[in-house]
Amino acid sequence: MSAPLSSATIEDLVAANQILYAQRVLDAYGHVSARHDTEPGRFWLSRSLAPALVSAADIMEFDLDGNALGRDAEGGLGRKPYVERYIHSEIYRRRPDVKAIVHSHSPAVIPFGVTPAPLRPIFHMAGFIGTEVPVFDIREFAGVTDLLVSNPSLGASLATFLKDRPAALMRGHGSVAVGNSIPQAVYRAVYLEVNARLQAEAMRLGKINFLTPEEAVLAAASNDQHISRPWALWKRELGKKFGSE
């Protein structure tokens with residue numbers, strides 16, 4: 001049986017999809033989910049749809065095996081879920097602290113998953129990165145694949161690799177970012193992309209003076225106190241874009 005939806009959480013989840021598209025983190029692909037407010041063994045994720053097109057009516061409910069619940073479980077609505085929903089289900093299973101997850105193919109991040117250059121925090125807004133973002137290579141866990149995390153086993157491998165980190169790169173694929181709220185997960189996905197872009201530019205100029213691990217910890221803690229600032233701006237810009245203001 002499907003549990004009641006929180007209108008506030010669903011509103012934020014829809015906004016997250018559209019914000020990440022507006023920030024060029026998601027395009028026609030990628031997805032963002034939120035853990036259920038009162039049922040931690042469940043989560044919400046849109047049906048298979050381009051993120052910018054997601055509305056509240058598109059949100060589906062899943063258990064931690066990646067099974068659709070409610071009328072979707074019966075096939076009555078005929079809605080197709082994302083193939084890679086197991087990224088979300090397996091991370092939620094292993095990370096009770098995680099309340100939201102973003103999986104993207106943001107372009108500036110991709111090179112750092114396929115080259116020796118580690119993605120490290122180049123400025124304070126990306127302090128959450130810590131020392132560097134680890135690279136999950138699906139080939140090490142499953143041999144030759146299409147690089148999609150399309151079953152529980154692959155989802156479990158990614159979730160176990162992620163451990164307690166805020167993000168991981170996925171070789172030849174993209175990245176995953178998690179947070180203790182929808183705004184935090186969105187913030188991390190956005191600034192992971194920004195940091196990658198800035199680092200690539202700086203690498204052409206010479207040796208980079210990265211944040212130290214200690215600076216990264218302090219910067220991350222400071223930024224977490226102000227997550228509502230970019231979140232409020234991004235939601236306001238959505239209002240302008242869709243003519244609600």
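On a 1 Å grid laid over the protein atoms alone, a cavity is a set of points where a 1.4 Å probe fits but cannot get out, whereas a pocket is an open set with protein on both sides within 12 Å along at least five of seven lines; a residue counts as lining when it has an atom within 4 Å of a point. Grid points are joined across faces, edges and corners, and the volume is the space filled by probe spheres set on the points.

The structure is a predicted model, in which local features need pLDDT of at least 70 and side-chain atom pairs count only at pLDDT 80 or more, while totals for chains, interfaces and linings use all residues. Residues are numbered from 1 along each chain as its sequence is written, and side-chain values use heavy atoms, with hydrogens and water left out.

Along the sequence they follow the pattern α-β-β-β-α-β-β-α-α-β-β-α-α-α. The radius of gyration of the protein chain, taken over C-alpha atoms, is 18 Å, which agrees with the value near 18 Å that a compact globule of 245 residues would have; the globule rule is 2.2 Å times the number of residues to the power 0.38. Taken along the principal axes, the C-alpha atoms fill a box of roughly 60 × 50 × 30 Å.

Of the 245 residues in the protein chain, 51% are buried, where buried means under 20% relative accessible area, exposed over 50%, and partly exposed in between, for a 1.4 Å probe and protein chains only. Among contacts (heavy atoms within 4.5 Å) with a separation of 6 or more, 67% join residues 24 or more positions apart. The accessible surface of the protein chain, from the Shrake-Rupley method with a 1.4 Å probe, comes to about 11,600 Å², and carbon and sulfur atoms hold 54% of that surface.

The largest pocket has a volume of about 250 Å³. It is lined by 16 residues, of which Tyr29, His31, Tyr82, Val83 and Glu84 are the closest to its centre. Its lining divides into eight nonpolar, six polar and two charged residues, with Ala, Val, Leu, Ile, Met, Phe, Trp, Tyr, Cys and Pro counted as nonpolar, Asp, Glu, Lys and Arg as charged, and the others, Gly among them, as polar.

Searching the whole structure gives two cavities of 30 Å³ or more. The largest cavity has a volume of about 50 Å³, and of its 13 lining residues Phe128, Tyr187, Ala220, Asn223 and Asp224 are the closest to the centre. Helices H5 (182-203) and H6 (213-224) each supply at least two residues of this lining, and H6 gives the most, with four. By class, the lining of the largest cavity has seven nonpolar, four polar and two charged residues.

The second largest cavity holds about 40 Å³ of space, and its lining, which includes Phe136, Met170 and Leu147, has five nonpolar, one polar and two charged residues. Leu147 lies in the loop between helix H3 (139-142) and helix H4 (152-162), and has a positive phi of about 75° although it is not a glycine. Lys163, also a residue other than glycine, has a positive phi near 55°; Lys163 is found in the loop between H4 and strand S6 (167-170), and counts as exposed because its relative accessibility is 53%.
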